[in-house]
Amino acid sequence: MVKETIRVYARVKPLGRRQQAGIYSVDNDEKSLSSLEIIVPRDLADGFVNNKRESYKFKFQKIFDQEAKQDVVFDSVAKPVAECVLAGYNGTIFAYGQTGSGKTFTITGGAERYSDRGIIPRTLSYIFDQLQKDSSKVYTTHVSYLEIYNECGYDLLDSRHEASRLEDMPKVTIMEDPDQNIHLKNLSLQQATNEEEALNLLFLGDTNRMIAETPMNQASTRSHCIFTIHISSKEPGSATIRHSKLHLVDLAGSERVAKTGVGGHLLTEAKYINLSLHYLEQVIIALAEKNRSHIPYRNSMMTSVLRDSLGGNCMTTMIATLSIDKRNIDESISTCRFAQRVALIKNEAVLNEEIDPRLMIVQLKKEIQELKDELALVTGKQRTSELSQEELLQLDELIEAFLEDNDPDSILDVGVDMRKIKYCFIHLKQLMNHSKISDKKLLSQHTSNKKDSNKEAGEEELKKLKELLQQRDNEINILVNMLKKEKKAQNAVFHLNDAFAGSTVLEQSLSVNLEERKSPSSSFSLKEAENFSSSLHRLTFLSRETGGKMSLGCQEAFEVFKRDHADSITIDDNNQLLKQRFAEAKCLGEKLNEVRNKINHLKGKITQRHIQRAALAVSSPSEELNTLDPVEEKLRTQIEEEKKSYKTMFNRLKELKLEIEHLQLLMEKGKVKLQKDFEVWWSEEAINLQQEKPEMISSTNTMTVYPQFIKSVQHLSTDSFSETTRVSPNEDSAGKNNSITSSNPSLKARTPPSSSTSIPLTGDSQADADILAFIKARQNILQKKGLGNK
């Protein structure tokens, strides 16, 4: 492993005819590093003090002045790297500088004279010359040429370049394996057996490269290009193969748009070039810093491809091209500063060797045969790859005995033969799988039986529900018929009310009922009454069966009871207070969300401020980052205030939550208490009706009050009932005690008073009790409403 810093060289471009030379000096000391001093004279204007720095000094491995030739540059820069690549190490040479400073001339060379060949053709010539001289190894050489234009990769050796547009060409994409090695998809690897083939591939790639004319350069390359030489070497009969690669990188030149004044397509290209070079500088700065955990290689395609070259397994060399004229003196100083940062990076180059898998397979087979022969010599038995039939039967008997043995300390001893051990494991695995399959079958059978039983239970429940539904339909039909008859009876009562007054109303209605009983339809009315009574019992039973839902009359009684109950006002007040607390909690929640969003927005502003200051420090290193930023302090103060407000509202929201839960608990307790009080009152009323029933029955063999009359009393409006029950003060008050009881205690009513006649009932005691309870319940409810007899 070779550990060394990146070697940095500088080359000064000769001045043109119209260019004014800047002031600089070169000190090439063979014993130590060469130094370059650039002098920038002060602009002394009248009345101003100019303290600008005048002298800038930079250290390089070697500085090539304007008269330096291409062969000298190759011998000093590229030749040592090429020798390391031939030895099995990775190498990289890249040129960096502003546009028009001579990068492409240094790397690729000029086309006018043979002596102007650059580093790439000279390196190819040197490498193939060395490969021909070394006959002790077998070498294989491949070449690839990658272009990065507007942050998109293209293969310059693709034959479709001439016939297709650049947008239609397949793009080279970066892929990374689990070991973080970079692989380039759609980049072809062309084999070159000699120097001529390699140079032809180089010239083909240069022809396809993007070139444009700019104010700074008539043939400015508008893309980054990476020419890579892959070398594989192997000694005959050896299992070791050495792989190495050499990256020759020609970076596009940076330019200041304010100086060049380019626009349109050239401006877009300049933006992409400057951005990628900026990301390259970020990587260089991160690598130069100690204890830096993250290196931003993935910011651009160029830094991703050159990951190993910049900070990994590679021997890297950089050549900084300078154009030292008065107009470009600032850019030259910036290039030198970048070179000084690059010189601080250390790389660890490792010899890339791997074992040839084909030779390894042959060696392993040979070793296996030798071990088999040695084992047969020691044991005296020649082993085959498979066990004999007798050995298999013996192993089956041993396994069966081992499984039947209940001793936990028993051991299955088959010797040290791996064939027998493997067979035992396979046999045990088969037994386990067989037992699992049988268990699954039993489980599936049990599941199917359970499904059948559940299906039968579901069918029985469905049958019961259908019967219950049919019963409900019958009851509804009976009630509808009763309502129709009740309307007719109600109309008859209104006609009687116009003709008679006081107690005669009741007598006339009873006489009408007696006459109707003597009619042929009396048997039908009696049957309707019996059906109605039995339906009431069934409705009460069904309400218990279906979860305790109250009937219509019971619900009406419950509404009256709830309205007069003492706790109803408390429940209503708690309900209103709960609504207010819910509204306040909702409002607080919206405010909390607004405050949280505002805090996140302020934090985003602080982060943006950090990025701006960091960018300012990169562009102007003299800026002090340790000074306090008043804008950032103001933002942090606002965040603290918002956090205090958030905390206050959050505490209030927690208090509201506790208060809401408490109110809900109080309302639930009040509702439970109200329900229990209603049930107690309801049961007491039912007991009272049972005690009063014997006194209300005056005769056991008299005629029955028809259900039509009961329903007419039940559904009379409040005003009409008051009119029909108003009596004179001289009437007997004893008649007020004559009432009728129904089996449904949820409806209470009082019959109109009668002077001397009691209501005759049926002979069936249960039916009489139902009718009496029905009317009494209706009358009690009307009295609670204030609509009873006065």
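Where does E151 lie? In this predicted model, in which local features need pLDDT of at least 70, side-chain atom pairs count only at pLDDT 80 or more, and totals for chains, interfaces and linings use all residues, E151 lies in the loop between β8 (138-149) and β9 (152-155). Residues are numbered from 1 along each chain as its sequence is written, and side-chain values use heavy atoms, with hydrogens and water left out.

The phi angle of E151 is near 65 degrees, a positive value in a residue other than glycine. With a relative accessibility of 29%, E151 counts as partly exposed, a term for residues between buried (under 20% relative accessible area) and exposed (over 50%), as found with a 1.4 Å probe and protein chains only. N186, which is not a glycine either, has a positive phi of about 70 degrees, and its place is in the loop between β11 (182-185) and β12 (190-191). N186 is likewise partly exposed, at a relative accessible area of 41%.

The protein as a whole has 20 helices and 19 strands, where helices (H or I, at least four residues) and strands (E, at least two) are DSSP runs numbered from the N terminus. Of the 790 residues, 37% are buried. Among contacts (heavy atoms within 4.5 Å) between residues at least 6 apart in sequence, 75% join residues at least 24 apart.

Aromatic pairs were assigned to rings of Phe, Tyr and Trp (its six-membered ring) whose centres lie within 6.5 Å, with planes under 30 degrees apart counted as stacked, over 60 as edge-to-face and the rest as tilted. By this rule the count comes to six aromatic pairs. One of them is formed by F74 and Y126, which are edge-to-face at 6.2 Å centre to centre, with 65 degrees between the planes. This pair links distant parts of the chain, since F74 belongs to helix α1 (residues 70-87) and Y126 to helix α3 (residues 119-133), 52 residues apart. F74 is buried at a relative accessible area of 7%, and Y126 also counts as buried, at 14%. Another pair, F678 and W681, is tilted, with 5.8 Å centre to centre and 35 degrees between the planes. F678 and W681 are separated by about one helical turn, because they are three residues apart in helix α17 (residues 630-696), and both residues are buried.
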